Every structure is written in C-alpha cells, then in structure tokens.
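Welcome! Here are some exercises to work through with the structure in view, each followed by a worked solution.

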Amino acid sequence: MSEFDAIVVGGGPAGSSAAMRLASAGHNVLLVEKADPPGSKNVSGGVLWGNDLEAVIPDWQKTAPVERYVKAKGVGFLTKESNIGLEFRSGLFDKNRAGHMVLRAKLDQWLVKKAKDMGAMVATGVTVDRVAFDKGKAIGVEQDGDIITSDCVILAEGANPRVAIDSGLREPLNDKDVAIGVKEVIKLSEKTVNERFNLRDKEGFAGEYVLGFLPDQVEAGGFLYTNKDTISAGVVISMKHLRENDRTYSFDIIEQFLEHPAIAPLVDGGSVEEYSAHMVQEGGIERVPKLYGNGYMIAGDAAGFSFSNGLVLQGMNYAIASGIAAADTFIEAKKGSGVSEESLAGYRKRLLDSYVLKDLYNFRGIDEVTWGRLPHRAMPNALEHIMKGLFIEQGVPKKHLYQLMTEALGESGIRTSEAVLEGYRMLRRM
Amino acid sequence: MKLEDRLALLNYKIDRTYAHITVKPDICETCPDHFCTFSCPAKCYTLIDGKLNFKYEDCVECGTCIVACAHGSVSWTNSKGAHGVKYKYG
C-alpha cells in the first residue's frame with residue numbers, strides 16, 4: 001500500500017495543475033517543491049498564453065496574480081541603429097484575452113496554494129534526488145536516502161530536469177535542447193508604463209525582437225513585456241552560436257539589448273529590481289523524451305514542451321495542459337485496470353489529441369529556421385535597406401520597391417540563392 | 001549596469017556545507033575553450049591567471065553550465081533544504 005496515490009515533483013504550472021486536478025478528483029496527492037516559498041526559484045519571460053488554467057481554476061483570469069493582459073503584440077528586427085517592427089494592437093484581444101503577463105514567484109506560489117486548498121499535501125523546501133524503482137516500476141521518490149511511496153510519480157521539475165536525468169528517464173541536455181534565458185525586472189511607475197507603451201488600465205504590450213546587431217556568430221532574441229509597474233526585459237541566447245563565438249559573455253548580451261537606441265528609452269530611468277536566468281527548452285519533438293513508463297509520467301518543460309517560432313515564445317500553457325493530461329491519465333487508470341505502463345500510455349494519446357504534441361509535430365525542425373543567418377542577420381539588414389530607401393529622403397531620384405528589394409538582398413549579407421531557399425523553408429516551417 | 005551590481009540585488013540562502021555544483025580541476029586545467037566562463041549568466045566561472053576559478057554562491061540555478069561544459073567537468077545537483085537563490089519576481 002503506497003503512502004500516496006500520486007507524487008508530483010515540482011510546483012510550477014505543470015506540477016500545480018496536475019496536483020489540483022488529482023486533488024479535486026479526491027486523490028491523495030503529494031506535491032514536492034524544492035524552493036521555499038514555492039515559485040522562488042522559477043523564472044520565465046513572462047507571458048502565459050491561452051486559457052488552459054480554466055480547467056482547474058475556472059475564474060483564474062479574475063483571481064490569479066496576473067500583471068496585465070496582452071493588448072498589443074510586437075515583433076521587431078533590430079540593427080545597430082534601427083528597429084523595423086510590426087505591431088498587432090487590437091480590440092480582438094479585449095474579447096479574447098489570449099495572453100497574460102505574469103511574474104512566476106507570485107503566480108507559482110498562488111498556484112501551489114490553490115493546490116493545497118483543493119486538498120493536495122504540499123512539501124516545500126524538499127529536494128527529490130531520483131525516482132525510486134522496484135522491479136521496473138516507479139514506486140515513489142527518493143529523498144536523502146528515504147523513499148516516499150506512491151502509485152504514480154509525475155515529474156514536472158522544469159527546464160533543468162535533474163531528477164528525470166539522474167533517474168535515467170531523460171538524456172542529458174545538449175546545445176540543441178536549450179537556449180540561455182537572461183532577464184531583468186525593471187521598475188517604473190504604472191503611469192510611465194502606460195504612457196511609454198500606449199496602454200490603459202490592465203492592457204499590456206508583449207514584444208519579441210531579433211537582435212541583428214550582435215557581433216559575429218552570436219544569435220539571440222530579445223523580449224520586452226509590460227507588467228503592472230515593472231517591465232520584464234530579457235534575451236534568449238542560442239547556446240550553439242554562443243559556443244561557436246566563444247568570446248561573448250551571456251550576461252553582456254542583455255545589456256546590449258537594453259542599451260539599443262530603440263529599447264533604451266522604454267526602460268530609461270527604471271531601477272533594476274531583479275536579475276535572473278533560466279534555460280529555455282528549444283529541442284522540439286525530436287528531443288522529447290519517452291513521456292511515460294510503468295508508474296511515471298513527465299510533463300511541462302521537463303518533457304521539452306515549449307514552442308518558439310521567433311514571433312512568439314510559449315511554455316507555460318504547454319506545461320499546464322500536459323500536467324492536466326497526466327492527472328487525467330492517472331485518474332482514468334485508477335478507475336480501470338490500475339497504474340501500469342499500458343494504462344499510462346493514455347498520457348501520450350491525450351497529448352497527441354491536444355495542441356501540445358500536435359504543435360511539436362507540426363513545427364518539427366522550426367529551430368533550424370528560427371536560429372540562422374537569414375532571420376538574425378540577412379532579414380534585419382535587408383529590411384533596414386528597404387526602409388531607408390523608402391523613408392529617408394536623400395534628394396536623389398526615388399527607386400521602385402522592387403528595385404529596393406533586389407538591392408536589399410545584396411545588402412543582406414547572404415547569397416540570393418541561399419536567401420530564397422532559406423526564406424522558403426522558413427515560411428513552410430513557421 | 002555591471003553584473004556584480006545586478007547579482008547583488010538577489011537574495012540567497014547560501015548553503016555553507018553543500019556545494020550543489022562541483023567541477024573537476026584537472027579537466028578544467030586542460031580545457032581548450034572555457035565556454036563556462038562565457039555562458040554562465042552569473043559569472044560563477046572565471047579565469048584567474050589562466051586558471052579556472054569556480055564559486056557556487058552566486059549561482060542562480062539555471063543549469064546552463066552543465067550543458068555548456070562539453071568536457072564532463074561539471075556535476076550538477078539540485079540545491080537542498082531550500083538553499084540557493086530566492087527570486088522575488090521570477
């Protein structure tokens with residue numbers, strides 16, 4: 001007889017959602033989190049997309065500690081002197097609140113409390129070493145030599161999944177799996193945030209940028225999200241390209257982003273409140289591990305569930321959806337034949353039926369086009385050339401757009417044939 | 001803003017008895033790239049007179065170094081007893 005029906009490792013969005021679902025269904029669940037308070041080791045860029053939380057907290061949009069909702073989404077290509085951008089600012093976001101800015105230390109603590117309120121037992125400040133196995137079946141978790149037993153273990157430990165790796169359930173991470181996320185939370189007043197980003201009340205701006213001005217091979221994206229009276233600003237750096245460069249410091253790139261002439265005025269006068277770093281899962285479907293086995297399932301970042309196409313970066317929604325799917329799989333297994341590798345196979349089926357694995361399969365190979373010289377160097381340079389030709393009056397005869405575009409390809413720094421091929425691949429995969 | 005000043009903003013509960021990351025000095029000594037010194041966002045890895053110096057106290061527990069080190073020098077375990085970095089915002 002196990003001490004618990006299920007043990008959930010990790011009190012982030014995936015783990016808390018799983019624990020809430022299990023506890024509400026009357027199961028005896030233990031949620032283990034290494035940080036105390038929960039959330040205090042968690043970082044994300046800061047937009048929670050989608051409405052997956054509704055399944056476990058129907059009124060979350062009104063009650064959760066969210067900062068603002070996405071009213072405007074921006075994408076910008078930064079060169080040394082320019083930002084060539086596109087913005088989608090729309091009333092459509094008022095009717096369908098597609099994304100919410102969140103700060104994880106607050107949100108995750110709230111989610112864990114919700115799980116507790118729903119009946120989950122919560123152990124914070126407790127570090128799990130590995131999953132305990134007996135005759136090939138997960139029988140609980142091991143912590144400092146003790147085993148806490150359960151019928152099922154749900155690993156939701158985040159982007160640096162030590163427990164899964166140390167238990168042999170996931171391969172060690174490599175350059176293809178992760179990018180380096182570095183972030184600052186910068187304090188301004190609510191009024192200043194509203195004025196600078198053209199916002200009212202709870203409206204927020206979420207911007208992603210291609211940092212085309214970085215030296216040599218270094219490739220990184222930047223982000224800027226408005227919170228209530230702070231801004232979350234940061235960079236996501238390709239591990240592979242930083243390694244190839246081998247002379248640029250990760251912690252300098254965020255400063256270069258914040259000092260860019262198009263970004264600096266937006267954060268000017270703000271005080272840096274916090275500096276943080278976190279890995280971003282980028283491996284795509286090829287690097288998703290075996291998601292379940294006899295007595296265990298892996299959810300959220302720990303399973304490599306995230307989505308990035310350069311225009312949008314998502315992870316928390318996949319975490320919540322997969323946490324709930326794992327819980328539902330367990331609930332169904334308990335009602336039926338019990339927990340076994342066969343019954344937990346339903347987890348993968350649920351994910352295949354949902355956007356979680358559908359997106360990962362549909363966007364296979366996306367990393368090859370989001371990281372590369374076309375989006376990170378050629379496009380920013382070419383776009384700047386076109387804009388310069390169109391808008392900077394030089395007192396010389398004007399050129400047709402077609403002519404500017406042809407020239408722009410020449411200015412882009414990569415060969416035309418390569419640009420056409422890469423551009424085609426990019427459009428197909430995005 | 002200098003990294004040292006940015007790190008000084010953070011709260012840590014430093015574990016004096018247990019280092020959650022360890023490195024193998026003999027591997028670092030012959031390392032051709034020292035990519036850890038470029039990739040670690042908290043500058044836990046520095047070169048002093050060409051010799052790798054590692055301190056875990058400033059670690060923000062992102063896990064970058066274990067991926068960055070291609071030479072098997074870095075051992076990474078989760079911090080224990082709620083030690084380590086404590087974010088206010090996250």
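Two residues count as in contact if their C-beta atoms, placed from the backbone, lie within 7 Å. The model is predicted: local features need pLDDT of at least 70 and side-chain atom pairs count only at pLDDT 80 or more, while totals for chains, interfaces and linings use all residues. Residues are numbered from 1 along each chain as its sequence is written, and chains are lettered from A and ligands numbered from 1 in the order in which they are written.

**Exercise 1.** Find how many residues of domain 1 and domain 2 of chain A are in contact.

*Solution.* Start with the domain bounds, which come from an automatic or database domain assignment. Domain 1 of chain A covers 4-65 + 103-172 + 284-366, domain 2 covers 178-281 and domain 3 covers 372-429. Next, count the contacts: 16 residues of domain 1 of chain A meet 17 residues of domain 2 of chain A. On the domain 1 side, seven of these residues are nonpolar, eight polar and one charged. (Ala, Val, Leu, Ile, Met, Phe, Trp, Tyr, Cys and Pro count as nonpolar, Asp, Glu, Lys and Arg as charged, and the others, Gly among them, as polar.)

**Exercise 2.** Work out how strand β11 of chain A is joined to β15(A).

*Solution.* Strands here are DSSP runs (E, at least two residues) and helices likewise (H or I, at least four), numbered from the N terminus. Two strands pair if DSSP finds at least two bridges between them. Between β11 (residues 178-187) of chain A and β15(A) there are 10 bridges, and the strands run antiparallel. For one pair to look up, I180(A) has M279(A) as its bridge partner in β15(A).

**Exercise 3.** Decide why α4(A) is described as largely enclosed by the rest of the structure.

*Solution.* A residue is buried if 20 or more other C-beta atoms lie within 10 Å of its own, exposed if 12 or fewer, and partly exposed in between, with C-beta atoms placed from the backbone. In α4(A), 10 of the 14 residues are buried, so the helix is largely enclosed. W110(A) and L111(A) are among them. The buried residues of α4(A) pack against α1 (13-24), β2 (29-33), β6 (99-102) and β7 (121-124) of chain A.

**Exercise 4.** Locate the kink in α14(A).

*Solution.* Look at M379(A), shortly before the proline P380(A): a kink of about 35° lies there. The bend at a residue is the angle between axes fitted to the seven residues ending there and the seven starting there. Both M379(A) and P380(A) are buried.
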